[in-house]
Amino acid sequence: MDKRSKIILGLFLAVLIGIVVTEIVRPKPLNWRPSYTSSDKIPFGCYVLFNELPNLFPEQKIHTTSESLYNILAERDSIIASNYLLINDFLDLDKQETHKLLQYVHDGNDTFIAASNFGTYLADTLNIEVETQYSIQEDTVLTYLTNNSFSKQNYPLKRGVYNTHFTSVDTLNTTVLGYITFKSEQGTLSSGSNERTKGTNFVKVRFGKGHFYLNSTPQAFTNYYMLKGNKDYVANAFSYLKDLDVYWDNYKKSGRVVIDSPMRFILNQVSLRWAYYLGMVGLLIFVIFKAKREQRIIPVIKPLENSSIEFAKTVGGLYYEHRDYTDLIFKKINFFLEHLRSNYHLNTETINEKTATVLSARSDKPLSEVKDLLDMIVLLKNKKNHSEQDVIHLNKKLNQFKK
């Protein structure tokens, strides 16, 4: 790599490192999305409120619920009275959940709901209507409570808060507990006008033996406004509730983490979850021990080649090219006689009738065949010149004997 290429590469790496460091050190942008969960510390989470509940309800149990209120209310001890807190930007309860919540309040319990929409079924049953007016300009909204004990202190809300108020309530069963004031449309269009309109944003609705406390400004209960000095408004709003155990709903939340995995059902069931974990641990143990006990792959070793056959072919080819049949016949006879001495323990110095008889008995060959072979050997040994046919006949006789 030349000097110029090294300089370019160094500059590229320096820029890349600079970008990475900048991304790491720079402050993350603030997340303004609505969450309302007890664990979120973002502006519109409810971490501060949830941790203040033990102070707002001293010596009372705080139950955090992470499943549908239908299941919670169906499984709870109905003898013990309690409060149920539902805080979210909007509330959407189905028929079964609404019926269960109405029954819960009818039995003498209280429910506090802070939302900009209370769902069709609940709103119809309680005869309430809510309206939200959105404005392009961000204007400060003022909220205050009607009770003289709270000195009619105003609590300003600006960021992320809209003009949400009740437009219709059941006057026979409803008590107004708080208002929200906002700049009217006429005041918004008229430059410099401070004309404000008042709307109801906090009511108490009697239902059976219990009460619904409905607040249409849920943003007032978030981290941002609790730390901005709105904690007194929240404490005063909750003061209407009895000093009883509290159920904090952490299920009907915009910021709730929803698991779409197919394993969700298994992990939500205690028995299935433990079976899954045990199965995974058992599989891991099996893999570890199986890997240790598994024998290494044995390499394939090629057997040594039988070079004697190649050698014989080479020697045979040489003899065939030189046409030295006599020498070839003598060598084949000598090899055969050595074979007889080694395998049949014969004395081959003299070949006679006795040699043929002993060889026939030891080799289990017919005497006539053995005599023909030995006669040919004696004949060829005494012959001075040999032909190709002599080699062929001798080779046939030898191969026939060795079969």
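Modeller: Glu59 lies in the loop between helix H2 (47–56) and strand E1 (62–65). The model we are looking at is a predicted one.

Colleague: Why is Glu59 called exposed?

Modeller: Its relative accessible area is 83%. Exposed means over 50%, so Glu59 falls in that class.

Colleague: What makes the phi of Glu59 worth a remark?

Modeller: Phi of Glu59 is near 65°, a positive value in a residue other than glycine. Most residues other than glycine have a negative phi.

Colleague: Where is His345 found, and what is its phi near?

Modeller: His345 is in the loop between H11 and H12. Its phi is near 55°, again positive in a residue that is not glycine.

Colleague: Why is His345 called exposed?

Modeller: The relative accessible area of His345 is 62%. The cut-off for exposed is over 50%, so His345 is exposed.

Colleague: How confident is the predictor in the protein?

Modeller: The mean pLDDT is 84, and 89% of the residues reach 70 or more. Over residues 185–192, however, the pLDDT is below 50. Beyond near neighbours in sequence, that stretch has four contacts in the model.

Colleague: How many helices and strands are there in the protein?

Modeller: There are 14 helices and 11 strands. The protein has 403 residues, and buried ones make up 34% of them.

Colleague: What makes Asn230 count as buried?

Modeller: Asn230, which lies in helix H7 (residues 223–238), has 3% relative accessibility. Buried means under 20%, so Asn230 counts as buried. Leaving aside neighbours within four places in sequence, Asn230 is in contact with Tyr155, Leu157, Ala220 and Tyr225.

Colleague: Why is Gln400 put in the class called partly exposed?

Modeller: Gln400 has a relative accessible area of 43%. The class runs between the 20% limit for buried and the 50% limit for exposed, so Gln400 is partly exposed. Gln400 lies in helix H14 (residues 388–402). Not counting residues up to four places away in sequence, Gln400 touches Lys365 and Glu369.

Colleague: How far apart are Gln400 and Leu373 in sequence and in space?

Modeller: They are 27 residues apart in sequence and 9.7 Å apart in space, C-alpha to C-alpha.

Colleague: What makes Asn334 count as partly exposed?

Modeller: Asn334 has 49% relative accessibility. Asn334 is in helix H11 (residues 325–344). Asn334 and Ile377 are 43 residues apart in sequence, yet 9.9 Å apart in space, C-alpha to C-alpha.

Colleague: What share of the contacts in the protein with a separation of 6 or more comes from residues 24 or more positions apart?

Modeller: Such residues account for 68% of those contacts.

Colleague: At what angle do H11 and H14 pack?

Modeller: The angle is about 15°, with the axes 9 Å apart. Angles under 35 degrees count as roughly parallel, so H11 is roughly parallel to H14. H11 passes H14 in a left-handed crossing. The contact is made by residues including Leu328, Ile333 and Phe336 of H11, with Val391, Leu394 and Phe401 among those of H14. In total, the contact residues divide into 11 nonpolar, one polar and four charged.

Colleague: At what angle do helix H12 (residues 353–363) and helix H13 (residues 367–382) cross?

Modeller: Their axes cross at roughly 130° and come within 9 Å. That angle lies between the 115 and 145 degree limits, so H12 is oblique to H13. H12 passes H13 in a right-handed crossing. Residues of H12 including Glu353, Ala356 and Leu359 meet Leu367, Val370, Lys371 and Leu374 in H13. The residues of this contact divide into five nonpolar, three polar and two charged.

Note on methods: Residues numbered from 1 in each chain as written. Predicted model: local features only at pLDDT ≥ 70, side-chain atom pairs only at ≥ 80, totals over all residues. Heavy atoms only, no water. Axes fitted to C-alpha atoms, helices over the stretch in contact; angles between N-to-C directions. Helix = DSSP H or I, 4+ residues; strand = E, 2+ residues; numbered from the N terminus. Parallel < 35°, antiparallel > 145°, perpendicular 65-115°, else oblique. Left-handed = near helix turned anticlockwise from the far one by under 90°. Contact = heavy atoms within 4.5 Å. Nonpolar A, V, L, I, M, F, W, Y, C, P; charged D, E, K, R; others polar. pLDDT = per-residue confidence, 0-100. Buried < 20%, exposed > 50% of the residue type's maximum accessible area, 1.4 Å probe, protein only.
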